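Work through the following exercises with the sequence and the structure side by side, and try each task before reading its solution.

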Amino acid sequence: MKEIAFVLLERPVTWAEAAFGFAGISLFLLACVTLSLWRSSRRRAVEAGMAAERAREMDDKVAEMNRMQAELTGRMQTMAEILSTRQGDLARLVAERMDGLRQQVGSGLEQNVKQTTESLGKLQERLAVIDAAQKNLTDLTSEVVTLKDVLANKQARGAYGQGRMEAIIRDGLPAAFFAFQPQLTNGKRPDCLVTLPGDGRGLVIDAKFPLESFTMLREARGEEAKKQASARVRGDVGQHVKDISERYFLPGETQDMALLFVPSESIYADLHEHFDDVIQKAHRARVMVVSPSLLALAIQLMQSLIRDARMREEAQVIQSEVGKLLDDVRRLGERVDKLDTHFRQAQEDVGQIKTSAGKVTSRAEKIGALEFDDAKGEPSLPFAKGLPLKAAAE
């Protein structure tokens, strides 16, 4: 239309041409409007058809949804019924389980109460035992304190060592082979004198071991204090060994060896571990340092020697009794031989008696059978010699 307008403007036109042109334009415009209206109506018809199609599809979908909702409602009702049934079953099962669990819990609680009661009873018994043990421990503590006080006193400590030594010896030896605090010919009194059989000399056992120096050694702090305490241990033990060898070695009365009793195993171990020179000095002086265990071992050895000596002493008595027993056996053999001779003689006499009885039986059988001697033609009976029959029968 721009081109047409441009052409119209290039030259002057007439009224007819202008009218004709205006009419053409009007027709053209009318055609355009008509075409536009047709297109609009067609578009509206298409849109209406599409809307109707959409409405129909929507109705179908709504119907489908209604159908599905109805099915869903039916399924929900079915599920509700099933759920109600299952809920009832579940409630019943839960009730049964709860009843069973209640019974189990009740029995378990009852058993636990019973066990708890028993445990409390046992606990009370153990507490009573613990109380008794604590009381015993308290008593033992007081006794240990008392023992400490005893060991702190020199005389009391000597009595303690003497008591341990006497207990060991009394348990191992007969009373006839030891003596406590005997007096020697020089006027000295050893703690114990053991006499072995076959030897009149006694073995001296001394229980007065010096413990003060060992106590100082254990309580010493520092090298200097330990050296001083060690020197005192060596001096005290060496002096005590010298006193034993000078007081208790009497020729013909005591053995040439003595025992120095230490009432503590720990002190004996310390003495052997740290003071070997003291032990060697005691050995050279023929003084043996012994602990309670070694003293018990020595007593057992002495007991074996005493038993062997007793056996040797009783050997002659045993031999004499065995000789008497042999004499009795010999006489028994002779008497058995005599009895056997008598038995043989009696057997021979019985044999002869049986022979005589056999002959008598044989003759009686012949008489009973009335046998005659055919060679002589005479009867062997007595009445054949002129005796009457009655006399012969008698």
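A residue is called buried when its relative accessible area is under 20%. The model used here is a predicted one.

**Exercise 1.** Find what share of the residues of the chain counts as buried.

Solution. Start from the length of the chain, which has 394 residues, and then apply the cut-off, by which 18% of them count as buried.

**Exercise 2.** Determine which residues of helix α6 are buried, and explain why they lie on the same side of the helix.

Solution. First, locate α6 at residues 265–274, where I267, Y268 and L271 are the buried residues. They lie on the same side of α6 because they cover an arc of only 100° around the axis. Finally, look for what covers these buried residues, which includes the helices α4 (212–219), α7 (276–284) and α8 (292–313) as well as the strand β5 (287–290).

**Exercise 3.** Decide whether the aromatic pair of F178 and F180 is stacked, tilted or edge-to-face.

Solution. The ring centres of F178 and F180 are 5.2 Å apart, and their planes make an angle of 50°. Planes under 30 degrees apart would count as stacked and those over 60 as edge-to-face, so the rest count as tilted. The pair of F178 and F180 is therefore tilted. As for F178 itself, its relative accessible area is 14%, which means that F178 is buried.

Technical notes. Residues numbered from 1 in each chain as written. Predicted model: local features only at pLDDT ≥ 70, side-chain atom pairs only at ≥ 80, totals over all residues. Heavy atoms only, no water. Buried < 20%, exposed > 50% of the residue type's maximum accessible area, 1.4 Å probe, protein only. Helix = DSSP H or I, 4+ residues; strand = E, 2+ residues; numbered from the N terminus. Arc of directions from axis to C-beta. Contact = heavy atoms within 4.5 Å. Phe/Tyr/Trp six-rings, centres within 6.5 Å; stacked < 30°, edge-to-face > 60°.
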